[in-house]
Amino acid sequence: MTTEVDVLIIGGGSAGLCAGVWLARNGISYRILERRPGRMTHGQADGVQVRTVEVFESFGISEELLKEAYHALEDTFWSPAGPDSSEEAGSQQQQAIDGVTGKRGIQRTYSTPDTKAGLSHLPHVILNQARINALLTEAAGATNVEYGCHVQDIVIDKSRVGDPDAHCVTVTATKDGSVEQILYKAKYVLGSDGAHSQVRKSLGFKMVGDTSDEVWGVMDVYPKTNFPDIRKKAIVRSVSGNILIIPREGDSMVRMYINLSGGAAAARDVTVAQLHQKARQIFQPYTMEFPETAWWSAYVIGQRLADEFHAHYRVFLSGDACHTHSPKAGQGMNVSLQDGYNIGWKLAAVLRKQASPELLETYVLERQKTAADLIEFDRYWSKLFSTDKKGGGITPEVFVKAGYYTAGLATQYTDSIITATTRSQPSLATKLTVGMRFPSTLVIRVGDARQMWLTRALPADSRWHLAVFGGDIQDAGAAQRLQKVGHTIFVIVVLWAKLTHQYQLALDLEGLVRAFTPSESDIDSVFNIVLILASQRANVELETIPEIFTPVSGKWKLNIFVDDENYDKTHGHSYEAYGIAPNRGALVVIRPDQYISRIDPLDDIQDIDSFFDGFLKRLNP
């Protein structure tokens, strides 16, 4: 039996499922082959970075995630207590020293917000990977996943890779233990099948890196304890060792990562009794019992990177199939999911013939570097977790400094056909960075006076976004220029401010939109138009807004916003947040995955046209 699809995804983990969401929403024929007999019931990953929550929001599936998850709001740090401690003395310290046993133990030395204020409008949460995958599976279409599939081999017909319509990749698999082979033919294959990837092995790629002698244990437990921070994310360093506490969803379960350095000779020798005993020692003088252990494991820290991420740009690796590391910084599931988030929209654009196949080369350029950066960070982070030296390890200062990275917000894509880092004018938006994700601010939607986050107007539906920062519509000159701009936009977030006379916005964005939009499609099918004015909301009359800002899908003009004060006196101050001078404005191009492509002056439409001409199919001259 032979099945033919446009995209075949090997592995139903976070990377493959996230790519599947893009494909499903773009009507792409695809299938996911998962070796498990059914859906994941208990995943090893649980930390959901704020950037991952932003991804879920862009897909419109964040509400369920936020409702079910544990919200990490505060982190605490504990260190050995003693008479020579430099920490502030007091009754709390004395209790930490004496505790219930009279033995010297640990004391809380520092508390800090888990996520620095202003990093994101969404929180860092904890939810079992099985539930994360379930949410993605529903969004990707559960019928597209085949369980019990074991891939045997992958063959690429090299003579046909130059034909974008060719199903030039053949995958051989078996299902449900049967010896009967099933053939799948695909235009593209995404290998998301984990650290022991059969896709990677079939291609002859190697994992390059090393393994340390650090052994760590991890367990999900329902503890019985008088330790006061058991429901907070806590880093505990004691004379008996180090432990990381991650509270789980449901207000009862807790995950513990325990450093076993100098203990068990190998991960295979570790027992759950050893983990229990080690934890009791670390938590002294507090009592710590474990009536129930839901799951546990032991592992050796290793960092490895695949020597290749693609074969002929027809087969790609993602997730653990191309990068493995420790779980300490909570990066694994999150970075893997970001791999899928990066390649999914690109595959859809190419298969819909909206973009040239060269677009897929940017996946390797962007995610290979991201993975290499992750490996280096993980080496540094794991070493800090494992050190017992005074003054070393994960200090509050180190933790706060690394917060931007551990939140998933440090990714910056380099110059490419879709990211113009060297062809932009960053001085026009000093608090935005080309190649990084577009941050959200509070704005007010004019049509219903609702205050909302700006990125909610930039959904992950494969359309491009453009932000035009311009003028107050109450200003006669600005209004006239807005009418001109109204003949020139594609995916537009337009923040309008008063403009000086030197800015003549003879921008023919409408012509640009029509150049890349199929004539039979809605005018906003390739580019999403969102208009944000700097005017006071009460002074904006929707009838004066050019029609280009209210396409067919926006009949009631609900895509128009103002950067103004809400009735409850809250104000997003978007211009200030983005570092844009109202008297100059700026034009910001935003990718479908919400990363910033370029920043330009308002009168530079020709350069933007040339930019899109580099990878999008021009349909009309």
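Modeller: Let's start with His 312, which comes out as partly exposed because its relative accessibility is 39%. Keep in mind that this is a predicted model.

Biologist: Why is His 312 called partly exposed, rather than buried or exposed?

Modeller: Buried needs a value under 20% and exposed needs one over 50%, with partly exposed in between. His 312 sits at 39%, so partly exposed is the label.

Biologist: And what makes the backbone of His 312 worth a look?

Modeller: Its phi is positive, about 60 degrees, although His 312 is not a glycine. You'll find His 312 in the loop between strand 17 (310-311) and strand 18 (315-317).

Biologist: What about Lys 353, then: where is it found?

Modeller: Lys 353 is in the loop between helix 8 and helix 9 (361-386). Phi of Lys 353 is also a positive value, near 60 degrees, and this residue isn't glycine either.

Biologist: Which peptide bond to a proline is called cis?

Modeller: The one from Gln 284 to Pro 285, with omega near 15 degrees. Pro 285 lies in the loop between helix 7 (272-283) and strand 16 (288-306).

Biologist: Which residues make the contact?

Modeller: From helix 1, Ser 14, Ala 15, Cys 18, Ala 19, Trp 22 and Leu 23 take part. Helix 8 brings, among them, Met 333, Leu 337, Tyr 341, Trp 345 and Ala 348. By class, the contact of helix 1 with helix 8 has twelve nonpolar residues, four polar and no charged.

Biologist: What makes helix 13 and helix 15 roughly parallel?

Modeller: For helix 13 (residues 509-516) and helix 15 (residues 605-613), the axes cross at roughly 10 degrees and come within 10 Å. The cut-off is under 35 degrees, so these helices are roughly parallel to each other. In helix 13, Leu 509, Leu 512 and Phe 516 meet Ile 605, Ile 608, Asp 609, Phe 612 and Asp 613 of helix 15. That contact divides into six nonpolar residues, no polar and two charged.

Biologist: What does Leu 203 touch beyond its sequence neighbours?

Modeller: Leaving out residues up to four places away in sequence, Leu 203 touches Ile 156, Ala 311 and Val 315. Leu 203 is in helix 6 (residues 198-203). The C-alpha atoms of Leu 203 and Glu 308 are separated by 9.4 Å, though these residues are 105 apart along the chain.

Biologist: And what share of the contacts in the whole protein joins residues at least 24 apart?

Modeller: It's 74%, among contacts between residues at least 6 apart in sequence. The protein has 15 helices and 27 strands, and buried residues make up 59% of its 621 residues.

Technical notes: Residues are numbered from 1 along each chain as its sequence is written. This is a predicted model: local features need pLDDT of at least 70, side-chain atom pairs count only at pLDDT 80 or more; totals for chains, interfaces and linings use all residues. Side-chain values use heavy atoms; hydrogens and water are left out. Contact means heavy atoms within 4.5 Å. Helices (H or I, at least four residues) and strands (E, at least two) are DSSP runs, numbered from the N terminus. Ala, Val, Leu, Ile, Met, Phe, Trp, Tyr, Cys and Pro count as nonpolar, Asp, Glu, Lys and Arg as charged, and the others, Gly among them, as polar. Buried means under 20% relative accessible area, exposed over 50%, partly exposed in between (1.4 Å probe, protein chains only). Axes are lines fitted to C-alpha atoms, for helices over the stretch in contact, and angles run from 0 to 180 degrees between N-to-C directions. Angles under 35 degrees count as roughly parallel, over 145 as roughly antiparallel, 65 to 115 as roughly perpendicular and the rest as oblique.
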